[in-house]
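Please look at the sequence and the structure together, and keep both in view as you read the paragraphs that follow.

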Amino acid sequence: MSTAILARLALLEARRSGLVWVAAAAMLIAIALGAFLAQVAITESRLLQAAVVASLLRLSAVFLIASQVIASVRREIDDRRLELALALPLPRSTQYLGRLAGFALCGIVLAGFFALPLLAWASPATVAAWALSLALELVLVSAAALFFAMSLASPVSALFACAGLYLLGRAMTAMQAIAGGPLADGSLVHRLARQAIDALALLLPALDRVTRTEWLLYGMPDLRTYTSALGALCIYAALLAVAGVFDFQRRAS
Amino acid sequence: MSSDERPLADVPPSMWFALAIGLAVQMAWRGASPPVAPEAQDLPSPPNVSSLKLAALGEPEALARLNMLYLQAYDYSGTNSIPYARLDYARLVAWLDAILGLDPRSEYPLFAAARVYAENPDPARTRVALEFVYRQFFADPDRRWSSLAHAALIAKHRLKDLVLARRYAAAIDRYTRSPDVPLWARQMEVFILEDMNELEAARILLGGMLASGTIKDPAEAQFLARRLKELEERSGRR
């Protein structure tokens with residue numbers, strides 16, 4: 001019950017802080033940019049439009065959710081509302097997970113909203129699969145943003161850490177491919193660097209395998225690939241939630 | 001307006017004036033320096049496919065298409081009366097190669113090579129673009145045959161190189177397997193040998209593609225119709 005109240009408060013704050021309007025503006029800008037670029041294209045104009053709109057909306061959704069979570073938590077800390085909440089007879093895990101549930105729900109609603117324009121270029125089933133993937137990706141981003149906002153002192157460092165985690169998660173496969181390419185030399189330094197990259201990849205979410213634009217352009221992958229990519233997102237989001245609760249337990253009231 | 005803001009009327013007139021002047025100067029400055037169209041010699045060497053994949057951040061399909069738009073802008077406008085006449089075609093083909101590496105299922109690079117860059121008045125440049133289409137055809141014949149079919153027409157009618165045109169047409173016949181490839185495309189070698197002019201051949205090719213549903217994109221249909229009209233006007237003048 002307390003978790004539901006905290007989740008509702010997070011949703012209410014998102015609505016009052018104007019997230020809906022910013023999301024609507026981001027959607028309009030993405031559609032307008034896609035339409036403009038499609039005018040310049042001499043072929044594949046519909047595919048180009050779908051690719052540009054989908055990738056822009058995905059990036060906007062991630063940025064919006066991360067900044068919303070970080071700004072909301074920082075406001076709570078600066079207004080000393082968090083101190084008051086910690087004095088309440090509520091388990092800390094309930095308090096943390098309640099907030100996370102609210103932000104995650106916010107991400108799920110945003111994913112559904114951002115998937116709507118894509119129905120113009122792809123089949124409803126494909127768009128639904130893309131939206132589910134984006135929703136889970138935003139749950140993961142909410143968990144990461146909440147973790148960094150609670151554990152780092154400044155909102156700038158929290159946003160930077162969150163962006164770093166996200167961008168590395170999306171670029172890691174390409175980095176591994178470059179490090180292990182046939183033209184790479186076999187020196188000790190290079191082998192060490194390659195192993196370091198492989199080790200780092202183990203600690204990062206495989207964000208390049210989810211919410212893929214190619215699903216909208218060329219069709220869905222097989223069910224096994226799709227569910228395995230989404231399963232990996234759930235595991236990483238759960239890990240971030242546990243790490244966040246762990247850190248929150250140590251917080252001085 | 002929230003309660004901690006003062007009404008606009010409280011702003012001193014000097015501030016309104018300064019704001020208006022600032023805005024006017026900005027607009028005048030920007031208006032006086034229109035954007036410069038990129039020129040042929042400005043086209044840099046392409047980054048390798050791995051770097052492009054890294055920069056794509058998991059969105060290679062979107063980046064591939066944006067790169068095509070970026071490439072299209074080179075040496076097309078400005079003071080150049082013949083589009084792409086000064087473009088370094090070796091560099092251009094390297095770009096098209098990299099973009100195709102980024103999204104191998106995109107037909108944009110091959111379409112542009114066959115329909116835009118190959119239609120250059122310089123035969124040497126045309127051959128570079130056609131060879132690119134021919135080379136890339138083998139990676140995915142069932143998807144890329146339509147660009148090679150157009151390349152065969154260019155080879156016959158623009159380059160007057162019947163041997164090259166037959167080589168392209170024979171490749172379509174020999175390497176395509178999909179039932180989606182229409183029969184007329186497989187039999188292209190026959191109408192390459194027939195004595196028909198460029199306009200007739202282009203009409204057959206375009207009509208066949210429209211009838212078989214190969215052209216689905218509205219921009220592509222518009223572009224091809226425009227090209228056909230230009231060809232008709234050119235033939236009418238002769």
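Chain B has twelve helices and zero strands, where helices (H or I, at least four residues) and strands (E, at least two) are DSSP runs numbered from the N terminus. This is a predicted model, in which local features need pLDDT of at least 70 and side-chain atom pairs count only at pLDDT 80 or more, while totals for chains, interfaces and linings use all residues. Residues are numbered from 1 along each chain as its sequence is written, and chains are lettered from A and ligands numbered from 1 in the order in which they are written.

Of the 238 residues of chain B, 34% count as buried, a word that applies if 20 or more other C-beta atoms, placed from the backbone, lie within 10 Å of a residue's own. Among the contacts in chain B (C-beta atoms, placed from the backbone, within 7 Å) between residues at least 6 apart in sequence, 66% join residues at least 24 apart.

Leaving aside its neighbours within four places in sequence, B:Leu148 is in contact with B:Val133, B:Tyr134, B:Phe137, B:Tyr168, B:Ala171 and B:Ile172.

Between the chains, 27 residues of chain A are in contact with 22 residues of chain B. On the side of chain A that touches chain B, helix 7 of chain A contributes the largest share, seven residues.

Definitions and conventions: Two residues are in contact if their C-beta atoms, placed from the backbone, lie within 7 Å. A residue is buried if 20 or more other C-beta atoms lie within 10 Å of its own, exposed if 12 or fewer, and partly exposed in between; C-beta atoms are placed from the backbone.
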